[in-house]
Amino acid sequence: NLVLNEKKLQEVDSLWKEFETPEKANKMNVIVMPDFGPLISILQDKLNLSCIHSPMVTELMRGIRSQIEGLITGLPSREMAAMCLGLAHSLSRYKLKFSPDKVDTMIIQAISLLDDLDKELNNYIMRCREWYGWHFPELGKIITDNLTYCKCVRKVGDRSNFAASDVSDILPEEIEEDVKAAAEISMGTEVSEEDINNIIHLCDQVIEISEYRTQLYDYLKNRMMAIAPNLTVMVGELVGARLIAHAGSLLNLAKHPASTVQLLGAEKALFRALKTKRDTPKFGLIYHASLVGQTNTKNKGKISRMLAAKTALTIRYDALGENTNAEMGAENRLKVETRLRLLEERGIRRISGTGKALARTDKYQNKSEVKIFDPSGDSTLPAVSKKRKIQEVEEQDTEVSVKAKKFKAEMKVVLSSDKLLKKDFGL
């Protein structure tokens with residue numbers, strides 16, 4: 001029963017039923033070939049075979065693979081399992097491009113662990129300062145460095161031991177004198193020996209984690225220089241590792257355009273700006289690069305755009321190139337630094353030509369007549385002192401009082417005349 005004659009390829013949804021058991025699969029008479037183009041037409045003409053290759057054949061191949069042990073005779077199950085395992089390993093190696101020097105998974109794990117260690121260190125140090133601050137609060141203001149603070153607390157313990165302790169290997173002489181003077185007049189409370197032991201144990205944890213973080217940073221730096229040397233030269237090992245971790249792998253990062261590299265890490269702000277129709281962000285993780293950090297606020301957008309373009313080139317060179325030197329990254333970084341210097345100097349460059357010579361511009365001179373403003377025409381009031389003399393005020397008061405008396409006399413005359421009129425007319 002030919003599959004083509006029964007038109008079973010048209011029923012893709014129910015095709016799997018023909019391969020439920022090995023008996024049903026053996027009833028199928030199928031020749032399946034890859035898409036070799038002209039070869040299919042030659043086979044159809046010479047052998048009178050009906051060949052077909054379409055997306056529907058994929059479902060047919062799935063059914064054949066599911067019953068491959070029943071369709072191929074003389075194939076032990078152990079050899080079939082070994083073949084499947086070898087094929088799986090080959091595919092995995094192909095996807096990972098397995099090489100001890102090119103495994104970017106180690107970078108992703110290292111940078112994630114480094115960020116976690118920073119958070120834990122901050123929590124531990126804050127707890128240590130608050131805890132020991134009840135006993136010796138003045139020490140926190142004198143020693144600002146966290147690691148030095150923990151080493152000093154671990155070595156001395158109780159504040160009463162500062163006077164007899166030598167911490168010159170940890171603190172400078174001036175700060176050591178200030179600490180000993182503050183320990184004698186401290187306002188802190190007394191604590192037990194058990195409390196001091198717990199605080200010292202916490203300080204041990206902080207010091208161990210700090211040492212491990214330094215070791216992990218060196219490991220990450222060496223690994224970044226081995227896998228992506230040009231990217232490391234351009235943006236630094238920390239920013240480069242975060243870009244790789246955010247993209248998933250160095251190869252995935254190489255597939256991103258420069259505009260995406262510029263905004264990696266700011267996706268939430270980008271979509272919020274697009275939704276609210278506001279200005280989109282200018283940079284993401286690349287903001288923490290040293291070249292962007294040393295730029296003034298006005299030119300950060302321009303430098304981040306140019307740095308992202310050059311970084312995208314170095315990423316592709318590291319991911320797909322065969323050379324392992326960092327010459328390309330150094331050249332591109334020099335170009336960005338030159339552009340940054342020009343922006344800070346506000347140099348005017350010619351668009352045409354070589355672009356290396358300054359444009360010839362004459363100094364602007366205003367040739368119109370310069371009129372000087374006359375401030376005398378601002379006020380229309382006479383230039384007389386606002387302060388009135390006492391005599392003028394008194395004269396004005398006397399004039400007002402005279403006018404008031406005259407008005408009262410006139411009003412009395414009017415009222416008397418009204419009364420006479422009322423009497424005469426009997427009103």
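Predicted model: local features only at pLDDT ≥ 70, side-chain atom pairs only at ≥ 80, totals over all residues.
Residues are numbered from 1 along each chain as its sequence is written, and side-chain values use heavy atoms, with hydrogens and water left out.

**Salt bridges**

- The structure holds eight salt bridges, each a side-chain nitrogen of Lys or Arg within 4 Å of a carboxyl oxygen of Asp or Glu.
- Glu130 is paired with Arg127, and their closest N and O atoms are 3.1 Å apart.
- Arg127 and Glu130 are separated by about one helical turn because they are three residues apart in helix α7; helices are DSSP runs (H or I, at least four residues), numbered from the N terminus.
- Arg127 counts as partly exposed, at 44% relative accessibility.
- Asp115 and Arg242 form another salt bridge, at 2.7 Å from N to O.
- This pair links distant parts of the chain, 127 residues apart, with Asp115 in helix α7 (residues 105-133) and Arg242 in helix α13 (residues 237-247).
- Asp115 is partly exposed at 24%, and Arg242 is partly exposed at 28%.
- Glu337 and Arg333 meet in a salt bridge of 3.3 Å, N to O, and both belong to helix α19 (residues 327-345), four residues apart.

**Surface patches**

- Glu173, Glu174, Glu177 and Asp178 form a negative surface patch; patches take residues with over 30% relative accessible area and no salt bridge, and join like charges within 9 Å.
- Glu174 lies in helix α10 (residues 173-184) and counts as exposed at 65% relative accessibility.
- A positive patch gathers Lys282, Lys298, Lys302, Arg305, Arg339 and Arg346, and Arg305 is found in helix α18.

- Ser304 lies in helix α18 (residues 300-320) and is buried, with a relative accessible area of 0%.
- The Ser304 side chain reaches the backbone oxygen of Lys282 at 3.5 Å.
- Asn299 sits in the loop between α17 (290-293) and α18, and counts as buried at 6% relative accessibility.
- Asn299 and Leu340 are 41 residues apart in sequence, with their C-alpha atoms 8.3 Å apart in space.

Note on methods
Patch = residues over 30% accessible without salt bridge, like charges linked within 9 Å, V, L, I, M, F, W, Y side chains within 5 Å. Areas by Shrake-Rupley, 256 points an atom, 1.4 Å probe, with all protein chains shown as cover. Lys, Arg positive; Asp, Glu negative; His and termini not counted. Charge placed at Lys NZ, Arg CZ, Asp CG, Glu CD. Helix = DSSP H or I, 4+ residues; strand = E, 2+ residues; numbered from the N terminus. Buried < 20%, exposed > 50% of the residue type's maximum accessible area, 1.4 Å probe, protein only. Polar contact = N/O pair within 3.5 Å; in protein donor to acceptor, adjacent residues only side chain to side chain.
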